[in-house]
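Let's take a friendly look at this protein together. Have the sequence and the 3D view ready as you read.

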Amino acid sequence: MDPKVSYFQTFLVASKTKSFSKAAKKLGVTQGTVSNHIAALEKFFDAQLFLRTPEGVDLTPEGKILYEHSEKILDYINNAKQQMRILHEHPEGTIRVAASTTPGEHILPSIIREYRKEFKDVDFEITITDSERCFKMLEEGSADIAAVGHLYDRNYDYVVIGKDRLVLIVPPNHPLTKKGMATLSDILKEDYIDREKGSGTREVIINALQDKGYSIMDLHVVMSLGSTSSVITAVSEGYGISIISEIAAKKAAEAGLVKIIPVEDLDLTRYLYLVKGKRPKNPSAVKSFWDFVSE
């Protein structure tokens, strides 16, 4: 077994006090503990380090060599710990983030803006993709953190960064705008624009349909698109209706591109998550950002 840092500390105190009992008192441990630490060092170096004397102990020639190196060893360790502490207090570098559309475009920017007010030397590299791909990037080590709308894998540390509601959007002149409310049966009759497989939005819709005894196959899907913005464009041009994040839908509705129609018989709420990868490329910056978001 390799000697621990505390063994070297014990050795130095025993060397300076020339007494195991005095060393134990100074360190706040038992004399037996001091003896065990010294015995472990002697076994590791295969050398006797102390000679017993009537007054206590003296260093052997081998012990004197270890004494000189032990001080340097502890200095190196303390310097490394100090540098790490400074790095944690003043992180720098890049955090690689994989984010699905809603948290990536509508939630993360404000969080990052607030974080960088305090930590100006940390930059963010954000890749917008679907939630499933975000987890694959964490697994591959190509992303340090993921921001997603669906937890494909719960074997990661995660925190909630927002709550979202999915809403039905239709073209501005669609008949459902006059009705002012939609039901699942209304949706099943319409051409539907779906998100791509792996999308967190799509997973929420699948679960909501299953709760009602239906599946995604019961929708009349006319196309599947890879982003919320492309879905909004397709709906605004009259290709069908869709269900998307209320955050994005409100902006599109304010711009006159679509109308939002409440769905009275589907539970379309979800949480948005920040997920921490297990092999971050910049651990100190990731820890700093994670602590900031968690608090």
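## About the model

This is a predicted model, in which local features need pLDDT of at least 70, side-chain atom pairs count only at pLDDT 80 or more, and totals for chains, interfaces and linings use all residues. Residues are numbered from 1 along each chain as its sequence is written, and side-chain values use heavy atoms, leaving out hydrogens and water.

## Two helices that cross

Two packed helices are described by the angle between their axes and the distance between the axes. Look for helix α5 (residues 101–118) and helix α12 (residues 283–294): their axes come within 11 Å and cross at roughly 110 degrees. That makes α5 roughly perpendicular to α12 (the term covers angles of 65 to 115 degrees).

In contact (heavy atoms within 4.5 Å), α5 brings Ile 111, Ile 112, Glu 114 and Tyr 115, while α12 brings Ala 285, Ser 288, Phe 289, Phe 292 and Val 293. Of these contact residues, seven are nonpolar, one is polar and one is charged.

## Buried Ser 70

Ser 70 sits in helix α4 (residues 61–89). Its relative accessibility is 0%, so Ser 70 counts as buried (under 20% relative accessible area, with a 1.4 Å probe and protein chains only). Apart from neighbours within four places in sequence, Ser 70 touches Phe 8, Phe 11 and Leu 12.

## Buried Glu 203

Now find Glu 203 in helix α9 (residues 200–211). Glu 203 also counts as buried, because its relative accessibility is 18%.

Which residues does Glu 203 contact, leaving aside its neighbours within four places in sequence? They are His 150 and Tyr 152. Glu 203 and His 150 are 53 residues apart along the chain, yet their C-alpha atoms are separated by 7.2 Å.

Technical notes. Axes are lines fitted to C-alpha atoms, for helices over the stretch in contact, and angles run from 0 to 180 degrees between N-to-C directions. Helices (H or I, at least four residues) and strands (E, at least two) are DSSP runs, numbered from the N terminus. Angles under 35 degrees count as roughly parallel, over 145 as roughly antiparallel, 65 to 115 as roughly perpendicular and the rest as oblique. Ala, Val, Leu, Ile, Met, Phe, Trp, Tyr, Cys and Pro count as nonpolar, Asp, Glu, Lys and Arg as charged, and the others, Gly among them, as polar. Buried means under 20% relative accessible area, exposed over 50%, partly exposed in between (1.4 Å probe, protein chains only).
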